[in-house]
Amino acid sequence: MVSPGSSDDHSTDPSSEPRLTRRRLLQGAAAGLALGSSGLLAACGGGGETSSAPPAGSTGGAAPAASTAAAAGPTRGGRLRVGMVGGGASETLDPNLAVSSVDTARTLTIFDLLVSMDPDLTPRMELAESMEPNADASEWTIKLRSGVTWHDGKPFTADDVIYTLRRIGGPKSTSGGVPAIRPVDLDNLKKVDDLTLQVPLKFPIGDLASSLVFYPLVMVQDGATDFSKPAGTGPFMVDTFKPGEGSLFKRNPNYWKEGKPYLDELEMQSIPDAQARYNAVLTGQVDGIEQLSFAQAKEQKSKGEIQVLEGDGPQIVPMLMAADLKPFTDNRVRQAFRLMADRQALLDGAQLGFGQVGNDLQGQGMKWYNDSLPQRAQDVEQAKSLLKAAGAEGLEVTLYSSTLAAGMVESATIFAEQAKQAGVKVTVDNGPADTYYTDKYLKVSFGQTNWPPIPIPLFITESLTKDAFYNETHWHRPDFDKLVQEALGELDEAKAKDKWFEVQKILYDEGGYLIWASTPWLDGLAKNVNGLVPSKFFPWGNWDFGGVWLA
Amino acid sequence: MTELAPELVVEPVRMRRRYPVARFVARRVAAGVATLFVVSILLFVGTEVLPGDVATAILGRNSTPQGLAALRRELHLERPAPARYWNWLSGFVQGDLGTSATGQATGTKTTISSRISGRVGNTVALALLTIAFLVPLSIGLGVLSATKVGRPLDHGITLTSLAVISLPEFVTGTLLILLFAVWLGLLPGVSIIPIGKSVLSQPRILVLPVMTLLAASLAQTIRMVRASMLEVLRSDYIEWARLAGFREGRVVLRYALRNGLAPTVQVLALNIQWLVGGIIVTEYVFGYPGLGQALVQAVSVRDVPFVQSVGLLIAIVYISLNIVADLLVVFLVPKLRTAQR
């Protein structure tokens, strides 16, 4: 499959001279709809290091516990070339401006987070060593890892953390990290010593670590303003960056995770076209690509020309019913719609069987996910009787759809068919993807959206409370808001769990989300790429390029 | 190209105008400028009526009324359209292509010139390489086909060109990738330039894009050369040349080709102009980092200033090629130099 010539052409020798030309790099940075998402939504990345298999001896020759078939341990060296979707001219190395998935990937290649997310969705300390709350969780003390240095040799200290948090929360910041640090009282952040800081909060937060796992919250250097070639603490250092084309990184020899990274070089190429990306990995021009289509992943699962890295996490492409717009003002109509959906058929049709059937709640497998509620299944008779009771027989609605996310318009079409059985006529309006979020989103009574996996408390505060920026289901309930606030501030794990379960029970019984499935991350890797563990959180084993090694 | 056969030069009967060629050029250039003006209006209006403006596209899911208003002010979108048009055009004429809209929301100013500077070279390399193959191949195969008219070779060339002429370049490109990259594994299926290398240092990545562009343009030019050569070969003076005992090769190359080329130049020019559009599609199919790919990306993020300026640049190339082609014809066909109004 791999043409020898083409791989020779591209596996450029690692000794090639470092190109230190500083081009004008921050060529545009704002969010584009190219990837159909906002800063928070597109991005919310996790930590750069999530390998659940830390090398035992932690040197280059140490063995990975459970990653791939390769029997010998990780080997040092080589260049990994990956094909990313890319974000055109808006690609950036500034974490505050990053939007597209290639921005996320680069951000977590250069920088590190205080807390990262393991592949099984457990938060794990990274640059933070420990985090301790005071009695009522209104202030947290963060201890930092010692001995961490920036790419330019300076030590990593509490000043860097304070600078970063204030930069994210700054008045003109468009960072996707703004929601996550909204509770932080930025003015009163206090440095205790070089490796300790106090983080006062505007209201109590019982689990601060979980809200710090997003990629916009990576730590940048104190005083950094020029992000054309930023210094980070991460596994790789920037060598060359061309927005919309590609970038090259060199190994950070002083990385704080001993022995990592294994690669000498990492090259990221932006290849916008899905078929071109697929061809590139099949013909050996790159060693891995992101966002395999369901069809491509299915093909490769049987053919096996490349490895399919399937991160079966709680990404969702749900339908939205606006609770304050006709006909969904009546909860019986909302529940009837949920009962009309044949979830397995939607999963098989729109996602070719990939993913898991959903239960109208976000965050399957995440901390505090309410798994005690029965799986909702199609029940046409009950749907009909609910509609009859609501006086909504023979209902006709328009479902505003688009091609923003994989499976979106497909699931809308299949749902429209299923709705017929209950006597509901659903007309699918497939609008242009680039104006969907401005013309239809948050305005129509029946639409669609997509969310990457984010912790349940953050999802709920961002989409279902009074101040929620993305109140997609037009959910305005003061009693509900109060319950959420209590759950957020609860330090006692068991009590917090009860409260979050109660919150989700309300959404299960009355909410406007029709969450029919979760959608996995699908990456395609050449057979010699080792060390990536499928992550439920984000693709590339949660962007774990530091853990990759080539056989 | 053969030297002009002295016996075929028709001396101008009389000089009705002193500088007919200069006048011709001036007229063509003036018409070109007028056309460009119309194009600029169409481009501007066309991008204006696209649903959603730059501000909504940039902010997307994050748009708030305040955010939109602030960004629109930033981008001068609140000014009336004629004023913005004038602003853009006057800047363009002075060589200022403007500022890319992407990035403005966050205060990052990027000039369009700096965004396209690296890509123009890649696209020009692709275009020139294609033309370098297109011209000799179409003339060579067309003449060959015409001289072997009715024979198997002619049928072969005709059938093949008819087959590929009916395929759009995204189909041809995909088929070529399937054949040469995926099945045979001979050539790269995606035109990735490794970081730090130039496109010319990676000739292999150019092969399939050039083949795609050739497949779509070669067929037409071959058939045109063939047709005009056939017509010339059937004319009386060729008959006389043959009767005079000249060898067939000399008859074809020396006497027929020159006259056969005149209409061909126009067709070649048309195809080279077509390349301007075909390259956009081809670059996208192959992920080739050129101007076309950047244009497609700009459209998808509603980077209107970029689309307008690059669109107008492409129109300039197109119209310039037209003028050059017309001039070439005038030089090839002396009659045109003298027999104008």
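Helix α16 of chain A spans residues 539-543, and A:W540 sits in it; helices here are DSSP runs of H or I with at least four residues, strands are E runs of at least two, and both are numbered from the N terminus. This is a predicted model, where local features need pLDDT of at least 70 and side-chain atom pairs count only at pLDDT 80 or more, while totals for chains, interfaces and linings use all residues. Residues are numbered from 1 along each chain as its sequence is written, and chains are lettered from A and ligands numbered from 1 in the order in which they are written.

- Most residues other than glycine have a negative phi, and most peptide bonds are trans.
- A:W540 counts as buried because it has 28 C-beta neighbours inside 10 Å; the cut-offs are 20 or more other C-beta atoms within 10 Å for buried, 12 or fewer for exposed, and partly exposed in between, with C-beta atoms placed from the backbone.
- A:W368 isn't a glycine either, yet its phi is positive at about 75 degrees.
- You'll find A:W368 in the loop between β14 (356-357) and α10 (380-389) of chain A, and A:W368 is buried, with 22 other C-beta atoms within 10 Å.
- A cis peptide bond links A:K260 to A:P261, with omega about -5 degrees; A:P261 is in the loop between β9 (246-251) and β10 (265-270) of chain A.
- The bond from A:K326 to A:P327 is cis too, with omega near 0 degrees, and A:P327 falls in the loop between β13 (319-321) and α8 (331-340) of chain A.

**Strand β7 and its partners**

- β5 (residues 139-144) of chain A pairs with β7(A) in the antiparallel sense over 5 bridges; strands pair if DSSP finds at least two bridges between them.
- A:K143 has A:T196 as its bridge partner in β7(A).
- β6 (residues 190-193) of chain A is also antiparallel to β7(A), over 3 bridges, and A:K191 has A:L197 as its bridge partner.
- β6(A) and β7(A) make a hairpin, with 2 residues between them.

**Chain B**

- Chain B has 13 helices and 0 strands.
- Chain B has 341 residues, and 39% of them count as buried.
- Of the chain B contacts with a separation of 6 or more, 73% join residues 24 or more positions apart; a contact means C-beta atoms, placed from the backbone, within 7 Å.

Definitions and conventions: Contact = placed C-beta atoms within 7 Å.
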